[in-house]
Amino acid sequence: MSAGTLLRLTIVFGSLSLVSFGGGNAVLPAMHHDAVSVQHWLTDREFADVFTIAQAAPGASSLIVGLIGLRAAGVAGALVATIAMLGPSCVLMFAGCRAWDRFRDTNWRIAFERGLAPVTVGLVFASGLTVVRAADHGPAGYAVTALATVLLTRTAVNPLLVVAASALLGLAGLV
Amino acid sequence: MSDGVGLPTLAFAFLKVALASFGGGLSAWSRRVLVEERRWMADDEFLSALTLCRLLPGPNQVNMAVYAGTRLRGLAGALAALAGLVLVPLAIVVVLGIAYFRYHHVPALDALLRGAVAAAAGMTLSMGVKVLGPVVREPVALGLAAAAFVTVGLLHWPLVAVVAVVGAAGMLWAWSREAP
């Protein structure tokens, strides 16, 4: 591990942070290009595997940058890569919130919130559809998704139980 | 407004969101915790904040942590919420990563994930159903939601363009309804 590697991690992920519109997955191709083809921090296969690990682990899937940093420069690399990836966009979001707060209780902010809410509802369904499609699963998978939707909407069952049960079905090779 | 929210409470709320969202469904989990359990914000505010979080760069739920933290406790709140959302999951990912780079295979994670994703998709859809209530009662709102779903979900139009057009229409509609 060298200071040079940490610096390169900072530059690579720091510059991706502010262009990661639509979440971390939007910059995944650029991340792959930089980390695998340009910097040679990890192989193609390793990139695909750490992507799976980041997806499966709890928390934001953008923590894949921590795994790339880990491979490039150990635990310090994981920390540096994560801070570089999340820092700039968080600072922007914080500044945005501060500015936004000044409009609290103004008519147009109220109109913004009421007017945007239905749009977000549509976008939530669009996200659900994307997840269902990306999962690329067979009839059993769709049945589990449908059953989970009904259970989570109609009953007070703890969602964690539903997700855990479903994960076990996956482990058993049934989904 | 919610001056009483302690920083550890904020951090733990987002830690819960992070740990619960195994397989995905982070925004459904943050709605559950922020709106249903803690009642820190109403659905309208949560939903518009969610779109704000998607429009700005950065992972949506990391942005949501910054939003909720800032809104409840300013800079310290944002840092507490971020720490709650990121630190423990990062530690878990690093431990998994160390094991992976040593043994070079992903044990049963793939199979576990396939199952979890199927349920996480259900979690997201059920959140959609839960917030659909007020929308269904208003034909215009339902039209706006349908327009956003079709353009982004089925036609894959760019999010920013859709929000600019459909969101502006929604604002005009909300504005005209509020006006005396």
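A:Gln39 counts as buried, with a relative accessibility of 19%, because the limit for a buried residue is under 20% relative accessible area. The structure described here is a predicted model. In chain A, A:Gln39 lies in the loop that joins helix 2 (28–38) to helix 3 (44–56). When residues up to four places away in sequence are left out, A:Gln39 is in contact with A:Arg8, A:Val12 and A:Asp34.

In chain B, the loop between helix 2 (26–37) and helix 3 (43–55) holds B:Arg39. B:Arg39 is exposed, its relative accessible area being 67%. Although B:Arg39 is not a glycine, its phi is positive, at about 55°.

A positive phi is also found at B:His156, again a residue that is not a glycine, with a value of about 55°. B:His156 follows helix 6 of chain B and is placed in the loop between that helix and helix 7 (159–178) of chain B. With a relative accessibility of 53%, B:His156 counts as exposed, since the exposed class begins over 50%.

Helix 6 of chain B itself comprises 16 residues (139–154). From its first C-alpha to its last, the helix reaches 21 Å, close to the 22 Å expected at 1.5 Å a residue. Its buried residues are B:Ala141, B:Leu144, B:Ala145, B:Ala148, B:Thr151, B:Val152 and B:Gly153. In an α-helix, residues three or four places apart point the same way, because there are 3.6 residues a turn.

Chain B is divided into domain 1 (7–130) and domain 2 (138–180). The centres of these two domains, taken over C-alpha atoms, are separated by 26 Å.

Between the chains, helix 7 (residues 159–171) of chain A meets helix 5 (residues 109–136) of chain B, and their axes come within 6 Å and cross at roughly 145°. The crossing of helix 7 of chain A with helix 5 of chain B is right-handed. On the chain A side, the contact is made by A:Pro159, A:Val162, A:Val163, A:Ser166, A:Ala167, A:Leu168, A:Gly170 and A:Leu171. Their partners in helix 5 of chain B are B:Ala111, B:Leu112, B:Gly115, B:Ala116, B:Ala118, B:Ala119 and B:Met123. The residues of this contact comprise 12 nonpolar and 3 polar residues, with no charged residue among them.

How values were computed: Residues numbered from 1 in each chain as written. Chains lettered and ligands numbered in written order. Predicted model: local features only at pLDDT ≥ 70, side-chain atom pairs only at ≥ 80, totals over all residues. Heavy atoms only, no water. Helix = DSSP H or I, 4+ residues; strand = E, 2+ residues; numbered from the N terminus. Expected span 1.5 Å × (residues − 1). Buried < 20%, exposed > 50% of the residue type's maximum accessible area, 1.4 Å probe, protein only. Axes fitted to C-alpha atoms, helices over the stretch in contact; angles between N-to-C directions. Left-handed = near helix turned anticlockwise from the far one by under 90°. Contact = heavy atoms within 4.5 Å. Nonpolar A, V, L, I, M, F, W, Y, C, P; charged D, E, K, R; others polar. Domains from an automatic or database assignment.
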